[in-house]
Amino acid sequence: MNQATFGIIGAGGIAQSQHLPNLTRAPHVKLRTLCDLREDVLQQMQAKYAVPQAETDYCALLADPEIAAVVVATREDMQAPLPIEALNAGKHGYVEKPLANTPQEVEAVGAAQQASGKFVAVGFNRRMAPAYTKAKELLCADGGAKNLHYRISDEYWSWGKNYPPGVRVIHEVCHIFDLCRWFSDSDPEHLYCLESRPDDEVFVLKMKSGCVCSIMSSGYVTMDLPKERVEIVSNLGAVTVEEFVELRTYGYADAEPVYRYADHSHPDREFTHKYLLEKEGANALSALRRLGWEQRNRAQANGDPLPDAAERKDYVGNRSPHWNYMVDKGWLAAVDHFAQCVLSGEPPRNAGAADGLWSARMSAAAIESRKTGAVVQF
Ligand SMILES: NC(=O)c1ccc[n+]([C@@H]2O[C@H](COP(=O)([O-])OP(=O)(O)OC[C@H]3O[C@@H](n4cnc5c(N)ncnc54)[C@H](O)[C@@H]3O)[C@@H](O)[C@H]2O)c1
């Protein structure tokens, strides 16, 4: 048997853009059951991905003895209770970040995991992005991360309309808190947060290893700006990674100056951009994003003529990957590795419940620091 049997609970945004395409092409996964409360979405997705079974009641999925592991991709409010039930039912759980809204809820998942002896992975997929695994390898060979700066910026002001202002830290920055720990191989000692307005913040962290980290997070940019960039200094060298596509190295005699990672896009879309990313790297990515953004926004705002409908549909529908999913942030590698561990019994390298807890503690500390103006010690 070289495939672990999976079910997935939640067939919304992230399931449709990543988990369903990935669970149905990951070599070590057999997707058996899809579950969502919404019948229409369930039917559409079951047909699109040829999933054998569909359920509106997750209890039916958890009662199926053939299912070894469950992906939970609902919203944060259900994300702690569901893996707890899955673990109690004897399933391994891959749970989307941030696992839960508070450290206390995350602790309950950790306790259920300990009692069950099953694995829990948290969807901090960036740890498995190929550009980041290579960056970490180079940093480790030169004494590890000493100084890290991360920018994460997007149109949260428009996506986040269902979320109250100020909670971006829980949903987005949680990923970066996890990366600070992962890149530095260390837990945080203290954290400080300042905001110019809700969801526009700076975070400063000192890690126990001595590494210092700064994070700029803004939900007020437009999507022609690539979303994420990291710069990390090691002993006597440095790496930069632009939006998971282009890793540049400085000071490492044995490393290439540039590595490019073009090998992923939204799986529904045409792969024409892959050639450009391989040849031009970050420049091509910027151009692709700007093209899409101008098409969507600027031309409309200026009243400029748009490309004719057929051309636009062809570009947007077939050639252009979705904004947020045109690069490899490690989603496929994360679920496939988890499935391999379900099969072999080896502990997974994915972020686990303890990492989810650290990230939740860091988010809570950031919110406290933002409110009080004080540095929070861990
Ligand atoms: N790792 C990443 O990069 C990444 C990216 C985006 C979202 N996420 C996370 O994924 C999670 C889901 O986000 P989303 O944007 O897909 O949300 P969404 O609201 O689009 O989808 C959630 C789905 O879960 C279903 N659902 C809710 N409760 C259910 C239940 N009890 N039983 C069955 N189905 C249920 C809803 O009907 C909905 O279809 C969030 O926690 C989010 O933070 C992670």
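User: What makes the stretch around Thr240, residues 238-242, a strand?
Analyst: A strand is a DSSP run of E with at least two residues, and strands are numbered from the N terminus. Residues 238-242 form strand β12, and Thr240 is in there. By the way, this is a predicted model, where local features need pLDDT of at least 70, side-chain atom pairs count only at pLDDT 80 or more, and totals for chains, interfaces and linings use all residues. Numbering runs from 1 along each chain as its sequence is written, and side-chain values use heavy atoms, leaving out hydrogens and water.

User: Why is Thr240 called buried?
Analyst: Its relative accessible area is 12%. Buried means under 20%, exposed means over 50%, and partly exposed is in between, with a 1.4 Å probe and protein chains only. So 12% puts Thr240 in the buried class.

User: Which residues does Thr240 touch, leaving out those up to four places away in sequence?
Analyst: Arg229, Val230, Glu231, Glu246, Leu247, Arg248 and Tyr250. Each counts because contact means heavy atoms within 4.5 Å.

User: What makes a group of residues a nonpolar core, and which members of the largest one touch the most others?
Analyst: A core is a set of buried Ala, Val, Leu, Ile, Met, Phe, Trp, Tyr and Cys residues joined through side-chain atoms within 4.5 Å. Here the largest has 48 residues, and Tyr132, Tyr150, Phe177, Phe183 and Leu205 touch the most other members. Helix α9 is the top contributor to this core, giving nine residues. Another core of 28 residues lies apart from it, including Ile8 and Phe338.

User: How do you know where the largest pocket lies relative to domain 1 and domain 2?
Analyst: Domain 1 (4-126 + 329-351) and domain 2 (127-328 + 352-378) both give residues to the lining, so the pocket lies between them. The domain bounds come from an automatic or database assignment. Their centres, taken over C-alpha atoms, are 24 Å apart.

User: What makes it a pocket, and what is its volume?
Analyst: On a 1 Å grid over the protein atoms alone, a pocket is an open set of points with protein on both sides within 12 Å along at least five of seven lines; lining residues have an atom within 4 Å of a point. Points are joined across faces, edges and corners, and the volume is the space filled by probe spheres set on them. That gives about 1100 Å³. Of the 41 lining residues, Gly13, Ile14, Thr74, Arg75 and Tyr163 are the closest to the centre.

Key
On a 1 Å grid over the protein atoms alone, a cavity is a set of points where a 1.4 Å probe fits but cannot get out, and a pocket is an open set with protein on both sides within 12 Å along at least five of seven lines; lining residues have an atom within 4 Å of a point. Helices (H or I, at least four residues) and strands (E, at least two) are DSSP runs, numbered from the N terminus.
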